[in-house]
Amino acid sequence: MNDALTGQTVELLQHMIRNQCVNDGSIASGQEVRTTDLLRAYLEGSGLDLEVYEPDGAPGRKSLVARIEGTDPAAPTLCLMGHTDVVPVTPATWTRDPFGGELVNGEVWGRGAVDMLNLTASQAVALKALARRGWRPRGTLVYLACADEEAGGTLGAGHVCKRHWDALRADYLLTENGGIGSQHGDELNVTVHVGEKGVAWRRLRVKGTPGHGSMPYGANNALIKAAQVVSRLADYRPSPYVDELWRAFVETLHLDPAVKEALADPSRVDEAIEGLAPALAKLSWSATHTTFSPNVCHGGVKTNVIPDAVDVEVDIRTVPGDNEDEVRRHLDKALGGLAEEIEVEKLFSKPASTSPTGTPLWHVLGRVVDTHYPGAKLLPKMIVGFTDAPYFREKGAVAYGFGLFSRTLTAEAMSGRFHGNDERIDVESLALTTQAWIEVCEQFLG
(Lines give C-alpha, C1' and ligand atoms only; values in the text may rest on other atoms or scores of the structure.)
Protein backbone atom coordinates (compact mmCIF):
# COMPACT_ATOMS: atom_id res chain seq x y z
CA MET A 1 0.00 0.00 0.00
CA ASN A 2 1.09 3.56 -0.67
CA ASP A 3 1.14 5.32 2.71
CA ALA A 4 1.23 8.78 1.10
CA LEU A 5 -1.93 8.11 -0.91
CA THR A 6 -3.65 6.60 2.11
CA GLY A 7 -2.79 9.72 4.10
CA GLN A 8 -4.33 11.88 1.37
CA THR A 9 -7.51 9.80 1.42
CA VAL A 10 -7.77 10.10 5.21
CA GLU A 11 -7.24 13.86 5.14
CA LEU A 12 -9.64 14.45 2.25
CA LEU A 13 -12.31 12.31 3.92
CA GLN A 14 -11.92 14.26 7.17
CA HIS A 15 -12.42 17.57 5.35
CA MET A 16 -15.47 16.22 3.51
CA ILE A 17 -17.06 15.09 6.78
CA ARG A 18 -16.41 18.50 8.34
CA ASN A 19 -18.12 20.24 5.40
CA GLN A 20 -21.47 18.99 6.76
CA CYS A 21 -23.25 18.68 3.40
CA VAL A 22 -26.43 17.45 5.09
CA ASN A 23 -29.26 16.71 2.67
CA ASP A 24 -32.69 16.70 4.34
CA GLY A 25 -34.53 16.49 1.03
CA SER A 26 -35.19 20.22 0.67
CA ILE A 27 -33.71 22.10 -2.28
CA ALA A 28 -31.83 24.52 -0.04
CA SER A 29 -30.10 21.78 1.98
CA GLY A 30 -26.96 19.87 1.07
CA GLN A 31 -24.92 22.82 -0.17
CA GLU A 32 -22.52 20.37 -1.73
CA VAL A 33 -20.69 23.34 -3.22
CA ARG A 34 -18.49 23.19 -0.12
CA THR A 35 -17.13 19.78 -1.07
CA THR A 36 -17.16 20.53 -4.80
CA ASP A 37 -14.86 23.49 -4.08
CA LEU A 38 -12.69 21.28 -1.86
CA LEU A 39 -12.33 18.63 -4.56
CA ARG A 40 -11.68 21.17 -7.30
CA ALA A 41 -8.90 22.75 -5.22
CA TYR A 42 -7.46 19.28 -4.51
CA LEU A 43 -7.49 18.21 -8.17
CA GLU A 44 -6.40 21.47 -9.81
CA GLY A 45 -2.88 21.51 -11.16
CA SER A 46 -2.92 17.79 -11.98
CA GLY A 47 -3.60 18.22 -15.68
CA LEU A 48 -7.24 17.17 -15.36
CA ASP A 49 -10.18 18.65 -17.25
CA LEU A 50 -12.56 19.93 -14.54
CA GLU A 51 -16.18 21.05 -14.94
CA VAL A 52 -18.78 22.02 -12.33
CA TYR A 53 -22.54 21.74 -12.92
CA GLU A 54 -25.35 23.32 -10.92
CA PRO A 55 -29.08 22.79 -11.63
CA ASP A 56 -31.27 25.83 -12.27
CA GLY A 57 -33.13 26.92 -9.16
CA ALA A 58 -30.88 24.97 -6.80
CA PRO A 59 -27.97 27.24 -5.84
CA GLY A 60 -25.14 25.47 -4.04
CA ARG A 61 -26.14 22.00 -5.26
CA LYS A 62 -23.03 21.59 -7.40
CA SER A 63 -21.48 18.46 -8.91
CA LEU A 64 -17.95 18.09 -10.28
CA VAL A 65 -16.75 16.16 -13.33
CA ALA A 66 -13.08 15.44 -14.04
CA ARG A 67 -11.69 13.60 -17.08
CA ILE A 68 -8.54 11.89 -18.28
CA GLU A 69 -9.17 11.55 -22.01
CA GLY A 70 -8.25 8.24 -23.59
CA THR A 71 -6.09 7.87 -26.69
CA ASP A 72 -8.43 5.42 -28.46
CA PRO A 73 -11.96 6.66 -29.26
CA ALA A 74 -13.09 3.06 -29.64
CA ALA A 75 -11.97 2.09 -26.13
CA PRO A 76 -14.52 2.14 -23.28
CA THR A 77 -15.10 5.03 -20.89
CA LEU A 78 -15.14 4.22 -17.17
CA CYS A 79 -16.76 6.55 -14.65
CA LEU A 80 -15.94 6.53 -10.95
CA MET A 81 -18.85 8.16 -9.13
CA GLY A 82 -19.32 9.17 -5.52
CA HIS A 83 -21.84 11.46 -3.88
CA THR A 84 -20.91 14.35 -1.61
CA ASP A 85 -24.08 14.74 0.47
CA VAL A 86 -24.90 12.97 3.72
CA VAL A 87 -28.07 12.24 5.68
CA PRO A 88 -29.11 14.17 8.81
CA VAL A 89 -27.85 13.08 12.21
CA THR A 90 -28.84 13.32 15.88
CA PRO A 91 -25.58 14.37 17.59
CA ALA A 92 -26.80 13.45 21.08
CA THR A 93 -26.89 9.75 20.14
CA TRP A 94 -23.28 9.67 18.97
CA THR A 95 -20.18 8.85 21.00
CA ARG A 96 -18.18 11.49 19.12
CA ASP A 97 -18.84 14.66 17.14
CA PRO A 98 -20.55 13.40 13.95
CA PHE A 99 -18.91 16.19 11.96
CA GLY A 100 -15.54 16.19 13.70
CA GLY A 101 -13.83 13.86 11.23
CA GLU A 102 -11.70 12.53 14.08
CA LEU A 103 -9.06 9.84 13.50
CA VAL A 104 -9.24 7.57 16.54
CA ASN A 105 -7.57 4.17 16.89
CA GLY A 106 -7.18 3.76 13.16
CA GLU A 107 -10.73 4.80 12.27
CA VAL A 108 -12.14 8.00 10.76
CA TRP A 109 -15.37 8.98 12.51
CA GLY A 110 -18.21 11.05 11.12
CA ARG A 111 -21.43 11.20 9.17
CA GLY A 112 -20.68 10.00 5.66
CA ALA A 113 -17.57 8.01 6.56
CA VAL A 114 -19.27 4.87 5.26
CA ASP A 115 -22.04 6.35 3.11
CA MET A 116 -20.18 7.21 0.95
CA LEU A 117 -17.55 9.89 1.42
CA ASN A 118 -14.88 7.21 1.88
CA LEU A 119 -15.33 6.13 -1.74
CA THR A 120 -15.74 9.66 -3.09
CA ALA A 121 -12.47 10.68 -1.41
CA SER A 122 -10.51 7.57 -2.39
CA GLN A 123 -11.65 7.89 -6.02
CA ALA A 124 -10.38 11.48 -6.10
CA VAL A 125 -7.02 10.46 -4.65
CA ALA A 126 -6.66 7.63 -7.19
CA LEU A 127 -7.62 9.96 -10.05
CA LYS A 128 -5.07 12.60 -9.00
CA ALA A 129 -2.33 10.00 -8.57
CA LEU A 130 -2.91 8.69 -12.09
CA ALA A 131 -3.08 12.19 -13.59
CA ARG A 132 0.08 13.44 -11.90
CA ARG A 133 2.16 10.61 -13.30
CA GLY A 134 1.02 11.59 -16.81
CA TRP A 135 -0.99 8.41 -17.32
CA ARG A 136 -2.55 8.28 -20.80
CA PRO A 137 -4.89 5.29 -21.03
CA ARG A 138 -6.50 3.87 -24.15
CA GLY A 139 -9.95 4.35 -22.63
CA THR A 140 -11.26 7.48 -20.94
CA LEU A 141 -11.52 7.85 -17.16
CA VAL A 142 -14.24 10.12 -15.75
CA TYR A 143 -14.80 11.11 -12.11
CA LEU A 144 -18.18 12.38 -10.95
CA ALA A 145 -18.60 13.79 -7.44
CA CYS A 146 -22.31 14.48 -7.33
CA ALA A 147 -24.86 16.19 -5.12
CA ASP A 148 -28.23 15.03 -3.84
CA GLU A 149 -27.92 11.22 -3.91
CA GLU A 150 -29.51 10.93 -0.48
CA ALA A 151 -32.73 12.53 -1.80
CA GLY A 152 -32.86 10.59 -5.06
CA GLY A 153 -30.15 12.29 -7.09
CA THR A 154 -32.33 14.43 -9.36
CA LEU A 155 -30.22 17.52 -8.57
CA GLY A 156 -26.94 15.63 -8.89
CA ALA A 157 -26.27 12.55 -11.01
CA GLY A 158 -29.76 12.79 -12.49
CA HIS A 159 -29.14 16.36 -13.61
CA VAL A 160 -25.67 15.67 -15.02
CA CYS A 161 -26.81 12.54 -16.86
CA LYS A 162 -29.84 14.31 -18.32
CA ARG A 163 -28.35 17.68 -19.22
CA HIS A 164 -24.60 17.04 -19.54
CA TRP A 165 -24.22 13.45 -20.70
CA ASP A 166 -21.53 14.51 -23.18
CA ALA A 167 -19.32 15.28 -20.17
CA LEU A 168 -19.66 11.64 -19.05
CA ARG A 169 -20.40 9.31 -22.00
CA ALA A 170 -19.73 6.38 -19.69
CA ASP A 171 -19.87 2.79 -20.87
CA TYR A 172 -19.12 1.51 -17.37
CA LEU A 173 -19.68 2.90 -13.89
CA LEU A 174 -18.26 2.06 -10.47
CA THR A 175 -20.02 3.53 -7.44
CA GLU A 176 -21.25 2.48 -3.99
CA ASN A 177 -21.07 0.06 -2.24
CA GLY A 178 -19.68 -3.45 -2.64
CA GLY A 179 -16.34 -4.76 -1.51
CA ILE A 180 -17.41 -6.48 1.73
CA GLY A 181 -15.89 -9.88 2.37
CA SER A 182 -17.70 -12.86 3.90
CA GLN A 183 -16.34 -16.31 4.62
CA HIS A 184 -18.22 -19.37 3.31
CA GLY A 185 -16.39 -22.44 4.44
CA ASP A 186 -12.89 -22.14 2.97
CA GLU A 187 -14.06 -19.62 0.37
CA LEU A 188 -14.02 -15.84 0.73
CA ASN A 189 -16.73 -13.98 -1.15
CA VAL A 190 -16.47 -10.27 -1.93
CA THR A 191 -19.73 -8.54 -2.85
CA VAL A 192 -20.24 -6.51 -6.00
CA HIS A 193 -23.61 -4.82 -6.25
CA VAL A 194 -25.00 -5.47 -9.71
CA GLY A 195 -28.53 -4.15 -9.15
CA GLU A 196 -30.91 -2.48 -6.80
CA LYS A 197 -34.56 -2.41 -5.92
CA GLY A 198 -36.74 0.35 -7.23
CA VAL A 199 -38.07 3.33 -5.29
CA ALA A 200 -41.66 4.54 -5.20
CA TRP A 201 -42.12 7.18 -2.52
CA ARG A 202 -45.77 8.10 -2.13
CA ARG A 203 -47.82 10.58 -0.10
CA LEU A 204 -51.23 9.25 0.95
CA ARG A 205 -53.75 11.97 1.81
CA VAL A 206 -56.49 10.80 4.15
CA LYS A 207 -59.62 12.97 4.22
CA GLY A 208 -62.07 13.52 7.10
CA THR A 209 -64.58 16.08 8.36
CA PRO A 210 -63.57 18.79 10.85
CA GLY A 211 -65.42 19.02 14.13
CA HIS A 212 -65.10 19.76 17.83
CA GLY A 213 -62.76 17.49 19.73
CA SER A 214 -65.21 17.28 22.64
CA MET A 215 -67.65 15.27 20.49
CA PRO A 216 -65.68 12.43 18.88
CA TYR A 217 -68.50 9.88 18.76
CA GLY A 218 -69.27 9.04 15.12
CA ALA A 219 -66.81 11.65 13.88
CA ASN A 220 -65.07 11.33 10.52
CA ASN A 221 -61.59 11.75 12.01
CA ALA A 222 -58.85 11.73 9.37
CA LEU A 223 -56.20 10.83 11.94
CA ILE A 224 -58.05 7.69 13.04
CA LYS A 225 -58.38 6.61 9.40
CA ALA A 226 -54.71 7.41 8.86
CA ALA A 227 -53.86 5.11 11.76
CA GLN A 228 -55.77 2.35 9.98
CA VAL A 229 -53.88 3.11 6.77
CA VAL A 230 -50.53 2.82 8.56
CA SER A 231 -51.60 -0.42 10.25
CA ARG A 232 -52.75 -1.99 7.00
CA LEU A 233 -49.54 -1.06 5.21
CA ALA A 234 -47.50 -2.53 8.07
CA ASP A 235 -49.49 -5.77 7.91
CA TYR A 236 -49.47 -6.11 4.11
CA ARG A 237 -47.67 -9.19 2.79
CA PRO A 238 -47.02 -9.13 -0.97
CA SER A 239 -45.95 -12.21 -2.89
CA PRO A 240 -42.23 -13.01 -2.60
CA TYR A 241 -39.70 -12.46 -5.36
CA VAL A 242 -36.94 -15.06 -5.60
CA ASP A 243 -34.34 -14.83 -8.37
CA GLU A 244 -30.92 -16.28 -9.11
CA LEU A 245 -29.07 -13.41 -7.39
CA TRP A 246 -30.95 -14.15 -4.18
CA ARG A 247 -30.37 -17.91 -4.47
CA ALA A 248 -26.63 -17.34 -4.97
CA PHE A 249 -26.52 -15.13 -1.88
CA VAL A 250 -28.42 -17.71 0.19
CA GLU A 251 -25.81 -20.31 -0.71
CA THR A 252 -23.13 -18.22 1.06
CA LEU A 253 -25.03 -18.07 4.37
CA HIS A 254 -23.98 -20.11 7.40
CA LEU A 255 -27.36 -21.78 7.84
CA ASP A 256 -28.75 -25.28 8.01
CA PRO A 257 -29.13 -26.68 4.45
CA ALA A 258 -32.86 -27.14 4.99
CA VAL A 259 -33.25 -23.48 5.92
CA LYS A 260 -31.28 -22.39 2.86
CA GLU A 261 -33.45 -24.61 0.68
CA ALA A 262 -36.57 -22.99 2.11
CA LEU A 263 -35.17 -19.46 1.63
CA ALA A 264 -34.68 -20.23 -2.07
CA ASP A 265 -38.26 -21.53 -2.48
CA PRO A 266 -40.94 -18.87 -3.19
CA SER A 267 -43.59 -20.98 -1.50
CA ARG A 268 -41.59 -21.30 1.75
CA VAL A 269 -39.38 -18.22 1.94
CA ASP A 270 -41.79 -16.19 4.12
CA GLU A 271 -41.98 -18.91 6.77
CA ALA A 272 -38.20 -19.43 6.65
CA ILE A 273 -37.53 -15.73 7.23
CA GLU A 274 -39.55 -15.85 10.47
CA GLY A 275 -36.95 -18.21 11.98
CA LEU A 276 -33.90 -16.11 11.14
CA ALA A 277 -31.93 -13.81 13.42
CA PRO A 278 -33.41 -10.28 13.35
CA ALA A 279 -30.71 -8.61 11.23
CA LEU A 280 -30.72 -11.35 8.60
CA ALA A 281 -34.52 -11.51 8.66
CA LYS A 282 -34.76 -7.78 7.86
CA LEU A 283 -32.38 -8.11 4.94
CA SER A 284 -34.01 -11.29 3.66
CA TRP A 285 -37.51 -9.84 3.70
CA SER A 286 -36.43 -6.69 1.88
CA ALA A 287 -34.43 -8.67 -0.69
CA THR A 288 -37.41 -10.84 -1.59
CA HIS A 289 -40.41 -8.50 -1.34
CA THR A 290 -41.72 -5.14 -2.39
CA THR A 291 -41.76 -3.30 0.96
CA PHE A 292 -43.90 -0.55 2.48
CA SER A 293 -42.61 1.60 5.31
CA PRO A 294 -44.86 4.49 6.53
CA ASN A 295 -42.28 6.92 7.89
CA VAL A 296 -43.79 10.43 7.99
CA CYS A 297 -47.20 11.68 9.16
CA HIS A 298 -48.54 15.25 9.10
CA GLY A 299 -52.00 16.39 10.14
CA GLY A 300 -54.22 18.20 12.57
CA VAL A 301 -54.37 21.89 13.46
CA LYS A 302 -55.23 22.03 17.18
CA THR A 303 -55.78 19.70 20.12
CA ASN A 304 -59.55 20.33 20.24
CA VAL A 305 -60.20 20.20 16.47
CA ILE A 306 -60.98 16.91 14.73
CA PRO A 307 -58.60 16.82 11.73
CA ASP A 308 -60.02 16.85 8.22
CA ALA A 309 -56.77 15.85 6.44
CA VAL A 310 -53.70 13.79 7.31
CA ASP A 311 -50.75 13.03 5.03
CA VAL A 312 -48.84 9.77 5.39
CA GLU A 313 -45.56 9.43 3.47
CA VAL A 314 -44.58 5.89 2.57
CA ASP A 315 -41.19 4.58 1.50
CA ILE A 316 -41.97 1.84 -1.03
CA ARG A 317 -39.13 -0.26 -2.45
CA THR A 318 -40.04 -2.36 -5.46
CA VAL A 319 -38.71 -5.61 -6.88
CA PRO A 320 -37.84 -5.95 -10.58
CA GLY A 321 -40.98 -5.88 -12.69
CA ASP A 322 -43.03 -3.62 -10.41
CA ASN A 323 -44.02 -0.59 -12.49
CA GLU A 324 -46.14 2.42 -11.47
CA ASP A 325 -49.40 0.54 -12.07
CA GLU A 326 -48.21 -2.38 -9.97
CA VAL A 327 -47.36 -0.02 -7.10
CA ARG A 328 -50.94 1.30 -7.18
CA ARG A 329 -52.31 -2.25 -7.25
CA HIS A 330 -50.21 -3.08 -4.19
CA LEU A 331 -51.58 -0.03 -2.37
CA ASP A 332 -55.18 -0.83 -3.31
CA LYS A 333 -54.77 -4.40 -2.09
CA ALA A 334 -53.12 -3.34 1.16
CA LEU A 335 -55.70 -0.65 1.98
CA GLY A 336 -58.77 -2.65 0.98
CA GLY A 337 -61.98 -0.66 1.45
CA LEU A 338 -60.04 2.43 2.50
CA ALA A 339 -58.32 2.72 -0.90
CA GLU A 340 -61.16 4.65 -2.53
CA GLU A 341 -60.93 7.37 0.13
CA ILE A 342 -57.18 7.92 -0.24
CA GLU A 343 -55.49 10.35 -2.61
CA VAL A 344 -52.09 9.05 -3.77
CA GLU A 345 -49.38 11.52 -4.79
CA LYS A 346 -46.12 10.41 -6.39
CA LEU A 347 -43.11 11.94 -4.64
CA PHE A 348 -40.27 10.09 -6.33
CA SER A 349 -39.87 6.97 -8.45
CA LYS A 350 -37.00 4.96 -9.82
CA PRO A 351 -37.46 1.43 -11.23
CA ALA A 352 -35.41 -1.53 -10.13
CA SER A 353 -32.35 -2.04 -12.32
CA THR A 354 -29.58 -4.60 -12.86
CA SER A 355 -26.38 -4.95 -14.85
CA PRO A 356 -24.94 -8.18 -16.27
CA THR A 357 -21.95 -9.99 -14.83
CA GLY A 358 -19.32 -11.55 -17.07
CA THR A 359 -18.36 -8.21 -18.64
CA PRO A 360 -14.75 -7.14 -19.26
CA LEU A 361 -14.97 -4.89 -16.17
CA TRP A 362 -16.33 -7.78 -14.09
CA HIS A 363 -13.26 -9.85 -14.92
CA VAL A 364 -10.94 -6.96 -14.02
CA LEU A 365 -12.67 -6.55 -10.66
CA GLY A 366 -12.12 -10.25 -10.05
CA ARG A 367 -8.40 -9.97 -10.76
CA VAL A 368 -8.00 -6.92 -8.53
CA VAL A 369 -9.82 -8.57 -5.65
CA ASP A 370 -7.69 -11.72 -6.07
CA THR A 371 -4.53 -9.59 -5.78
CA HIS A 372 -5.49 -8.48 -2.29
CA TYR A 373 -7.53 -11.50 -1.19
CA PRO A 374 -6.07 -14.50 -3.06
CA GLY A 375 -8.72 -17.00 -4.08
CA ALA A 376 -11.65 -14.71 -3.24
CA LYS A 377 -14.71 -14.91 -5.50
CA LEU A 378 -16.93 -12.04 -6.59
CA LEU A 379 -20.47 -12.37 -5.24
CA PRO A 380 -23.05 -10.47 -7.32
CA LYS A 381 -25.77 -8.97 -5.17
CA MET A 382 -28.85 -6.79 -5.47
CA ILE A 383 -29.07 -4.09 -2.80
CA VAL A 384 -32.33 -3.11 -1.14
CA GLY A 385 -31.45 0.60 -0.94
CA PHE A 386 -30.90 2.94 -3.86
CA THR A 387 -27.92 4.64 -5.47
CA ASP A 388 -27.37 6.88 -8.49
CA ALA A 389 -26.41 3.88 -10.67
CA PRO A 390 -29.84 3.66 -12.41
CA TYR A 391 -29.26 7.04 -14.08
CA PHE A 392 -26.32 5.42 -15.87
CA ARG A 393 -28.11 2.15 -16.57
CA GLU A 394 -30.84 4.16 -18.30
CA LYS A 395 -28.12 5.43 -20.64
CA GLY A 396 -26.98 1.87 -21.39
CA ALA A 397 -23.98 1.79 -19.06
CA VAL A 398 -22.97 -1.25 -17.03
CA ALA A 399 -22.96 -0.16 -13.38
CA TYR A 400 -21.50 -1.93 -10.35
CA GLY A 401 -21.22 -1.07 -6.68
CA PHE A 402 -17.62 -1.70 -5.72
CA GLY A 403 -14.90 -0.88 -3.24
CA LEU A 404 -12.51 -3.02 -1.26
CA PHE A 405 -12.65 -3.14 2.50
CA SER A 406 -10.72 -4.76 5.30
CA ARG A 407 -11.91 -7.97 6.89
CA THR A 408 -12.72 -6.06 10.10
CA LEU A 409 -15.46 -4.13 8.30
CA THR A 410 -18.05 -6.89 8.16
CA ALA A 411 -21.44 -6.72 6.48
CA GLU A 412 -23.04 -6.43 9.92
CA ALA A 413 -20.80 -3.52 10.93
CA MET A 414 -21.35 -1.80 7.60
CA SER A 415 -25.13 -2.08 7.71
CA GLY A 416 -25.25 -0.82 11.30
CA ARG A 417 -23.29 2.31 10.41
CA PHE A 418 -25.23 3.20 7.25
CA HIS A 419 -27.41 6.15 8.34
CA GLY A 420 -26.76 5.00 11.92
CA ASN A 421 -24.95 6.18 15.02
CA ASP A 422 -21.15 6.30 15.34
CA GLU A 423 -20.50 5.97 11.60
CA ARG A 424 -16.82 5.34 10.96
CA ILE A 425 -14.37 3.52 8.69
CA ASP A 426 -10.95 2.02 9.30
CA VAL A 427 -7.84 3.36 7.60
CA GLU A 428 -6.96 -0.09 6.22
CA SER A 429 -10.20 -0.03 4.21
CA LEU A 430 -9.35 3.42 2.89
CA ALA A 431 -5.93 2.16 1.80
CA LEU A 432 -7.35 -0.93 0.11
CA THR A 433 -10.02 0.98 -1.77
CA THR A 434 -7.68 3.72 -2.97
CA GLN A 435 -5.28 1.10 -4.32
CA ALA A 436 -8.12 -0.90 -5.86
CA TRP A 437 -9.36 2.09 -7.89
CA ILE A 438 -5.87 2.62 -9.31
CA GLU A 439 -5.48 -1.04 -10.24
CA VAL A 440 -8.93 -1.25 -11.83
CA CYS A 441 -8.32 1.85 -13.93
CA GLU A 442 -4.88 0.67 -15.08
CA GLN A 443 -6.06 -2.82 -15.99
CA PHE A 444 -9.40 -1.91 -17.54
CA LEU A 445 -8.49 1.24 -19.47
CA GLY A 446 -4.94 0.21 -20.42
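This is a predicted model: local features need pLDDT of at least 70, side-chain atom pairs count only at pLDDT 80 or more; totals for chains, interfaces and linings use all residues.
1. Across the whole structure, 3 cavities of 30 Å³ or more are found. The largest cavity has a volume of about 130 Å³. Helices α6 (244-251) and α9 (278-288) and strand β17 (377-383) are the elements that each give two or more residues to the lining of this largest cavity.

2. Lining of the largest cavity. The residues around the largest cavity are Lys197, Tyr241, Asp243, Leu245, Trp246, Phe249, Leu283, Ala287, Pro380, Lys381, Met382 and Val384. Sorted by class, this lining holds 9 nonpolar and 3 charged residues, with no polar ones.

3. The second largest pocket. By class, the lining of the second largest pocket comprises 5 nonpolar, 4 polar and 2 charged residues.

4. A three-stranded sheet. The strands β4, β5 and β19 form an open sheet in the order β4-β5-β19, and their pairing is antiparallel. At the edges stand β4 (103-104) and β19 (424-426), each of which pairs on one side only. Between β4 and β5 (residues 107-109) there are 2 bridges, and these two strands run antiparallel. Leucine 103 has valine 108 of β5 as its bridge partner.

5. The helix on the sheet. Helix α14 (residues 427-445) packs on this sheet and touches β4, β5 and β19. The direction of α14 makes about 70 degrees with that of β19.

6. Glutamate 439. This residue is found in helix α14. Is glutamate 439 buried or exposed? Glutamate 439 counts as buried because its relative accessibility is 12%, and the cut-off for buried is under 20%. Apart from neighbours within four places in sequence, glutamate 439 is in contact with Val368, Thr371 and His372. The C-alpha atoms of glutamate 439 and asparagine 23 are separated by 32 Å, and the two residues are 416 residues apart along the chain.

7. Cis peptide bonds. Which residues does the cis peptide bond with omega near -20 degrees link? It runs from aspartate 115 to methionine 116. Methionine 116 has its place in the loop between β5 and α3 (117-132). Another cis peptide bond joins glutamate 176 and asparagine 177, with omega about 0 degrees. Asparagine 177 lies in the loop between β7 (172-175) and β8 (181-184).

8. Positive phi at glutamine 31. Although glutamine 31 is not a glycine, it has a positive phi of about 45 degrees. Glutamine 31 is placed in the loop between α1 (3-18) and α2 (33-43). With 23% relative accessibility, glutamine 31 counts as partly exposed.

9. Positive phi at histidine 419. Histidine 419, likewise not a glycine, has a positive phi of about 60 degrees. The loop between α13 (411-417) and β19 holds histidine 419. Histidine 419 counts as partly exposed because its relative accessibility is 43%.

Key:
Residues are numbered from 1 along each chain as its sequence is written. Side-chain values use heavy atoms; hydrogens and water are left out. On a 1 Å grid over the protein atoms alone, a cavity is a set of points where a 1.4 Å probe fits but cannot get out, and a pocket is an open set with protein on both sides within 12 Å along at least five of seven lines; lining residues have an atom within 4 Å of a point. Grid points are joined across faces, edges and corners, and a volume is the space filled by probe spheres set on the points. Helices (H or I, at least four residues) and strands (E, at least two) are DSSP runs, numbered from the N terminus. Ala, Val, Leu, Ile, Met, Phe, Trp, Tyr, Cys and Pro count as nonpolar, Asp, Glu, Lys and Arg as charged, and the others, Gly among them, as polar. Two strands pair if DSSP finds at least two bridges between them. Contact means heavy atoms within 4.5 Å. Axes are lines fitted to C-alpha atoms, for helices over the stretch in contact, and angles run from 0 to 180 degrees between N-to-C directions. Buried means under 20% relative accessible area, exposed over 50%, partly exposed in between (1.4 Å probe, protein chains only).
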